[in-house]
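Subject: Structure for you to look at

Hello,

Here is the structure I promised to pass on. Please open it alongside this note, and I will go through what turned up.

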Amino acid sequence: MDSAFTLSIDWLAFTVLASRPQETMKVLGGDWSRAKGGFRGYPLSWIRSDGGRGVGKLGTNAPRRPNEIHVDLSGGLVSALTLDQVRVLLKWIHEQQGHVTRMDCALDDRARTVPMATIRQAVADGHCVTRAAQVRQIVSNLTRGTGATTGETMYFGSPQSQTLLRIYDKRLEMQSKERENWQEFGVRWELEFKQDRAQLCARALANLDEADWKECVVGLLRIYVNFRQIPKDAEEEDRYRAPMLEWYALLTEGFQKGRLAQEKQVQTLQNVKRWVSDTLTPMLAVICATPGGEEWLQHEIVRGISRWKDRHRNLLKQPPNRFVTSAGGHAGRPC
């Protein structure tokens, strides 16, 4: 990464009208498969998962709204898009009389210039001014071995509000999951916008220059959460007038001057095996437990060869790694 501060889209959800599912899937790209169940109250659904980090889900055919389509795209898919691709998608949503229901904007302090301990201490010292009704902290630790910390997140706001801020150690999270590029990350300030706030960000991204859009997002961050040098005996109205803490001023200025990041989606055999192990193995086990299930599964695997595309053939060219999933091993770690 050539910048210590970056901004990316980490989630996008939207609803459109008067559009066939196949048309929407064509606009979104990728390979979509019909799912057995529904999705968010829509009886018919499709899923896109390319064996990497991203997952897309599409639902439609609600009884009272048969032409309505709802789509959720996780960060692994959205963050791989260029700025122009995101703008084209947002403009298409508008043309289809649609609206964005959720947009997550991830502000990454990749160099960890402001560690979690600094943020945590500022909150404890009463230097945080926020519109959020509550602040929560969750720390995850290993239950065996060293008991090392595998994750730390601070939440400002509630899941029901239109704005929720998550601050967490992205590098620690990626490292604990044994992701190849974990060193590229740091502390992430992730704003989750819903409903009106999501629409505001969508309009800004679709119509503003990159620099102006970053300024807009950072402005929303400062309005929602700020850190100021507040005297202990300060009146409530004086809290909002107190000078901004130097580290927060430098951090948010860095976000404004940073670049819009496009995360690389590098698909590897290791990632595909991890996805199969985490997602598909329970259902595969059910199939094999039924009469004739193993034979059917083998037949489908052979039949799948005829559906290979270039991305499948490219995976075969990678050096093979054994995939350990036993109790003493680590899924996805080559031996």
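Before the rest, some housekeeping. This is a predicted model, where local features need pLDDT of at least 70 and side-chain atom pairs count only at pLDDT 80 or more, while totals for chains, interfaces and linings use all residues. Residues are numbered from 1 along each chain as its sequence is written, and side-chain values use heavy atoms, with hydrogens and water left out.

**The surface around Val 302**

Val 302 sits in helix H11, residues 293-304. Helices (H or I, at least four residues) and strands (E, at least two) are DSSP runs, numbered from the N terminus. Together with Ile 305, Trp 308 and Leu 316, Val 302 makes a nonpolar surface patch of about 390 Å² accessible area. Such patches take residues with over 30% relative accessible area and no salt bridge, joining nonpolar side chains (Val, Leu, Ile, Met, Phe, Trp, Tyr) within 5 Å and like charges within 9 Å. The areas come from the Shrake-Rupley method with a 1.4 Å probe, and for residues only the protein chains shown count as cover.

A salt bridge is a side-chain nitrogen of Lys or Arg within 4 Å of a carboxyl oxygen of Asp or Glu. An α-helix has 3.6 residues a turn, so residues three or four places apart point the same way. Arg 303 is partly exposed at 43% relative accessible area, and Glu 300 is partly exposed too, at 24%.

**Salt bridges elsewhere**

The whole structure has 18 salt bridges. One of them joins Arg 166 and Asp 104, with the closest N and O atoms 3.2 Å apart. Arg 166 belongs to strand E10 (residues 163-169) and Asp 104 to strand E6, so this pair ties together parts 62 residues apart in sequence. Both Arg 166 and Asp 104 are buried.

Arg 112 lies in the loop between E6 and H4, so here the parts tied together are 57 residues apart in sequence. Asp 169 is buried, at 10% relative accessible area, whereas Arg 112 is partly exposed at 32%. Arg 112 also has a positive phi of about 50° although it is not a glycine. Gln 97 is another non-glycine residue with a positive phi, about 60°. Gln 97 lies in the loop between H3 and E6 and is exposed, with 59% relative accessible area.

**Aromatic pairs**

Which aromatic residues form one cluster? They are Trp 189, Phe 227, Trp 247 and Tyr 248. Rings of Phe, Tyr and Trp (its six-membered ring) pair if their centres lie within 6.5 Å; planes under 30 degrees apart count as stacked, over 60 as edge-to-face and the rest as tilted. The structure has six aromatic pairs by this rule. Among them, Trp 189 and Tyr 248 are tilted, 5.9 Å centre to centre with 40° between the planes. Trp 189 is in strand E11 and Tyr 248 in helix H9 (residues 246-257), so the pair connects parts 59 residues apart in sequence. Trp 189 is buried at 0% relative accessibility, and Tyr 248 is buried at 0% as well.

Phe 227 and Trp 247 are also tilted, at 5.0 Å and 45°. Phe 227 comes from strand E12 (residues 225-227) and Trp 247 from helix H9, so this pair ties together parts 20 residues apart in sequence.

**Helix H6**

Finally, have a look at helix H6, residues 196-207. Its buried residues are Ala 198, Cys 201, Ala 202, Ala 204, Leu 205 and Ala 206. They pack against strands E1, E6 and E11 and helices H3 and H7, where contact means heavy atoms within 4.5 Å.

Best wishes

Note on methods:
Buried means under 20% relative accessible area, exposed over 50%, partly exposed in between (1.4 Å probe, protein chains only).
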